[in-house]
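Student: I have a protein model open and would like to go through its side chains with you. Could you take my questions as they come?

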Amino acid sequence: MRKPLVAAIFALAIAGAGAAPATAAPASTTTAPAAAAVSAAQTSASTATRIAAKPAAASPTLKAVNLAGTVALSNCSGSVVRFPNSLDTAPALVLTNGHCLETGFPEPGEVLVNRTSTRSFGLLNSAGTRVATLRASKIAYGTMTDTDAAIYQLTSTYATIRNTYGINALTVQDTHPTAGTAITVASGYWKRLYSCNIDGFVYRMKEGDWTWKDSVRYTSACQTIGGTSGSPVIDQATGKVVAVNNTGNEDGARCTENNPCEVDANGNVTVRKGINYAQETYLFAACFTSGNQLNLAAAGCTVPKP
């Protein structure tokens with residue numbers, strides 16, 4: 001997680017980047033965690049590789065990712081999401097980080113389920129213009145154990161949001177992401193897009209008291225800062241959400257807050273200053289019914305449970 005957002009804004013102001021999220025110039029730092037992560041990134045497109053005596057392998061057709069369906073929270077970013085089997089008539093969901101919850105950081109081992117909430121979210125269109133205020137009915141799921149994710153259930157259905165505002169929810173991919181994938185971190189808080197590639201996956205990532213499993217590591221082009229926490233990580237070839245942006249190593253410190261470290265299966269620790277990370281989201285698809293009701297007992301649902 002990152003420093004409090006107010007601190008990040010102050011830092012940007014001192015640097016001459018502007019103090020207001022809507023007008024701040026893009027930062028050049030990789031994605032960062034806690035309620036204060038924001039960044040700017042340059043897109044790095046993957047190229048096809050030729051194989052001897054065979055035609056060149058086709059590169060995936062990359063799509064122009066925009067801000068439609070992202071949301072701005074009071075301290076973070078997020079997105080309106082659906083799973084592959086979600087019904088249009090189901091109450092819509094908002095995905096963000098567990099450390100972005102209005103209740104504060106969940107303790108290690110703590111899992112929040114079906115907790116009443118009236119939190120509001122600013123819905124953005126493709127240009128980043130706020131077109132509506134959406135409201136939660138509850139925190140369906142939230143934790144910082146093994147992952148850093150929160151899913152809110154809204155008072156509006158997908159059909160209502162689409163028919164009223166012309167905005168479609170982003171679909172969460174239900175399979176594990178792939179290294180090398182071209183991605184975009186779409187920050188509703190900062191109304192900015194940061195593009196890079198998935199560099200690889202981290203067996204265990206430790207930050208302060210928290211440990212996360214199988215985290216996504218970005219290539220260095222994704223430079224996010226405070227406020228990008230909770231941004232959807234979108235596969236540029238499919239337009240689907242493959243992860244949720246959550247942290248980055250700011251100072252080169254080892255395993256402290258705002259300075260996560262990587263731990264491999266043998267316990268070896270690696271620190272990558274300036275590199276940012278996200279948490280995979282495919283595991284949640286098995287945990288929600290077609291009506292978007294949380295079912296932690298469902299077959300294939302392996303997320304942490306209360």
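Student: What sits over the ring of Tyr203?
Tutor: The charged end of Arg204 sits there, 4.1 Å from the centre of the Tyr203 ring. A charge is taken to sit over a ring if NZ of Lys or CZ of Arg is within 6 Å of the ring centre and within 35 degrees of the ring normal. Please keep in mind that this is a predicted model, in which local features need pLDDT of at least 70 and side-chain atom pairs count only at pLDDT 80 or more, while totals for chains, interfaces and linings use all residues. Residues are numbered from 1 along each chain as its sequence is written, and side-chain values use heavy atoms, with hydrogens and water left out.

Student: And which ring does Arg82 lie over?
Tutor: Arg82 lies over the face of Tyr158, at 4.6 Å from the ring centre. Arg82 is also among the residues that Thr171 touches, together with Pro84, Lys240 and Val241, if residues up to four places away in sequence are not counted; a contact here means heavy atoms within 4.5 Å.

Student: Where is Thr171, then?
Tutor: Thr171 lies in strand β9, residues 170-171, where strands (E, at least two residues) and helices (H or I, at least four) are DSSP runs numbered from the N terminus. The C-alpha atoms of Thr171 and Gly239 are separated by 7.8 Å, although the two residues are 68 apart along the chain.

Student: How exposed is Thr171?
Tutor: Thr171 counts as partly exposed because its relative accessibility is 23%. Buried means under 20% relative accessible area, exposed means over 50%, and partly exposed is what falls in between, with a 1.4 Å probe and protein chains only.

Student: Changing topic, how many aromatic pairs are there?
Tutor: The structure holds five aromatic pairs. Rings of Phe, Tyr and Trp (its six-membered ring) pair if their centres lie within 6.5 Å, and planes under 30 degrees apart count as stacked, over 60 as edge-to-face and the rest as tilted. One of the pairs is Phe83 with Phe288, which is stacked because the ring centres are 5.2 Å apart and the planes are at 25 degrees.

Student: Where in the chain do those two come from?
Tutor: They come from distant parts of it, 205 residues apart: Phe83 is in the loop between β3 (77-82) and β4 (91-96), whereas Phe288 is in the segment after β18 (276-280). Phe83 is buried, with a relative accessible area of 2%, and Phe288 is buried too, with 4%.

Student: What about Tyr189 and Trp190?
Tutor: Their planes are at 65 degrees and their ring centres 5.5 Å apart, so this pair is edge-to-face. Both Tyr189 and Trp190 are buried.

Student: Now Phe121, buried or exposed?
Tutor: Phe121 counts as buried, because its relative accessibility is 0%. Phe121 lies in strand β6, residues 120-124, and its contacts, not counting residues up to four places away in sequence, include Val71, Leu73, Val94, Tyr152 and Leu154.

Student: On to cysteines, how many disulfides does the structure hold?
Tutor: The structure holds four disulfides, each being a pair of cysteine sulfur atoms within 2.5 Å. With bonded cysteines counted along the chain, they follow the pattern 1-2, 3-4, 5-6, 7-8.

Student: Which cysteine is Cys196 joined to?
Tutor: Cys196 is joined to Cys222, with 2.1 Å from S to S, and the link is left-handed, with -95 degrees about the S-S bond.

Student: Lastly, which residues have pLDDT below 50?
Tutor: The protein averages a pLDDT of 85, and 80% of the residues score at least 70, pLDDT being the predictor's confidence in each residue, from 0 to 100. Over residues 6-58, however, the pLDDT is below 50, and this stretch has 160 contacts in the model beyond near neighbours in sequence.
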